[in-house]
Amino acid sequence: MSPEGEIDKLAATNGWVVDALYASASAFVRDMCESLPISAIDGASRPQWLADHLKGDGQAVLKAGIPKLCPTWTKTLEEAVSGDYEVWLSNGDYEVSSETKLGEESIKPGTYRIKGDLENCYWERLTRSGEIIDNNFASAAREITVTVRASDGLFRSEGCEGVWKPVR
């Protein structure tokens, strides 16, 4: 039996259901395998992107399928399942939290940097009640670094073309 057949049989035996967009469990896994190499372009780290697909039976299907169809991405899957991965952020509002919250817009305390041709990039750190702690508007910059503190309530970014990544 082919690896695809094994995955489809396992899914049928366990009653795993994938999105109706896919004809089979193996088609879902194959799509994830083909999408992972370019997924980081969408503003999320690869494990972060994959974690968005672990809902419902997706986690069981991917845990069974990725090692068989694209073993190169097994470590990425392990990171996504564990929640221990680098989170990249684009523009938006993020609640400050020490834990990664799947499906929620949150940011861990730490130092973040965005790089590129940054024009009209605004960021702010706010209290839980919405008062501005610190902010900045850059009309033109190549790089911006911000430290989000555990005591902050919210981090907001507007007009910043690029991705905020943790500074190591």
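**How the terms apply to this predicted model**

Of the 168 residues of the chain, 38% count as buried. The model is a predicted one, in which local features need pLDDT of at least 70 and side-chain atom pairs count only at pLDDT 80 or more, while totals for chains, interfaces and linings use all residues. Residues are numbered from 1 along each chain as its sequence is written, and side-chain values use heavy atoms, with hydrogens and water left out.

Me: What makes Cys-121 count as buried?
Reply: Buried means under 20% relative accessible area, exposed means over 50%, and partly exposed lies in between (1.4 Å probe, protein chains only). Cys-121 has 0% relative accessibility, so Cys-121 counts as buried.

Me: Why is Cys-160 called buried?
Reply: The relative accessibility of Cys-160 is 1%, and therefore Cys-160 counts as buried.

Me: What makes the link of Cys-121 and Cys-160 a disulfide?
Reply: A disulfide is a pair of cysteine sulfur atoms within 2.5 Å. The sulfur atoms of Cys-121 and Cys-160 are 1.9 Å apart, and the two residues form a disulfide. The angle about the S-S bond is 90°, and the link of Cys-121 and Cys-160 is right-handed. This pair links distant parts of the chain, 39 residues apart: Cys-121 is in strand 4 (residues 121–126) and Cys-160 is in the loop between strand 7 (154–158) and strand 8 (165–166).

Me: How many disulfides does the structure hold, and how are the bonded cysteines paired in sequence order?
Reply: The structure holds 2 disulfides. When the bonded cysteines are numbered in sequence order, the pairing is 1-2, 3-4.

Me: Why is the disulfide of Cys-33 and Cys-70 left-handed?
Reply: Cys-33 and Cys-70 form a disulfide with their sulfur atoms 1.9 Å apart. The torsion about their S-S bond is about -60°, so this disulfide is left-handed. Cys-33 lies in helix 2 (residues 25–39) and Cys-70 in the loop between helix 4 and helix 5 (74–82), so the pair ties together parts that are 37 residues apart in sequence. Both Cys-33 and Cys-70 are buried.

Me: What makes a stretch of the chain a helix or a strand?
Reply: Helices (H or I, at least four residues) and strands (E, at least two) are DSSP runs, numbered from the N terminus. The chain has 5 helices and 8 strands. From the N terminus on, the elements run α-α-α-α-α-β-β-β-β-β-β-β-β.

Me: How do you know what span is expected for helix 2?
Reply: The expected span of a helix is 1.5 Å times one less than its number of residues. Helix 2 has 15 residues and is expected to span 21 Å; from its first C-alpha to its last, helix 2 reaches 20 Å, close to that value.

Me: Which residues of helix 2 are buried, and what covers them?
Reply: The buried residues of helix 2 are Ala-25, Ser-26, Phe-28, Val-29, Met-32, Cys-33, Ser-35, Leu-36 and Ser-39. Their cover includes helix 1, helix 3, helix 4 and helix 5.

Me: Why are helix 1 and helix 4 called roughly antiparallel?
Reply: Axes are lines fitted to C-alpha atoms, for helices over the stretch in contact, and angles run from 0 to 180 degrees between N-to-C directions. Angles under 35 degrees count as roughly parallel, over 145 as roughly antiparallel, 65 to 115 as roughly perpendicular and the rest as oblique. Helix 1 (residues 3–14) and helix 4 (residues 58–69) pack at an angle of about 175°, with their axes 10 Å apart. Helix 1 and helix 4 are therefore roughly antiparallel to each other.

Me: Which residues meet where helix 1 packs against helix 4?
Reply: Contact means heavy atoms within 4.5 Å. Pro-3, Glu-4, Glu-6, Ile-7 and Leu-10 in helix 1 meet Ala-64, Gly-65, Lys-68 and Leu-69 in helix 4. These residues divide into 5 nonpolar, 1 polar and 3 charged, where Ala, Val, Leu, Ile, Met, Phe, Trp, Tyr, Cys and Pro count as nonpolar, Asp, Glu, Lys and Arg as charged, and the others, Gly among them, as polar.

Me: Is Ser-45 buried or exposed?
Reply: Ser-45 has a relative accessible area of 5%, so Ser-45 is buried. Ser-45 is found in the loop between helix 2 and helix 3 (46–51). Leaving aside neighbours within four places in sequence, Ser-45 is in contact with Tyr-85, Glu-86 and Trp-88.

Me: Why does Asn-120 count as partly exposed?
Reply: Asn-120 has 45% relative accessibility, so Asn-120 counts as partly exposed. Its place is in the loop between strand 3 (110–118) and strand 4. Asn-120 has a positive phi of about 55° although it is not a glycine.
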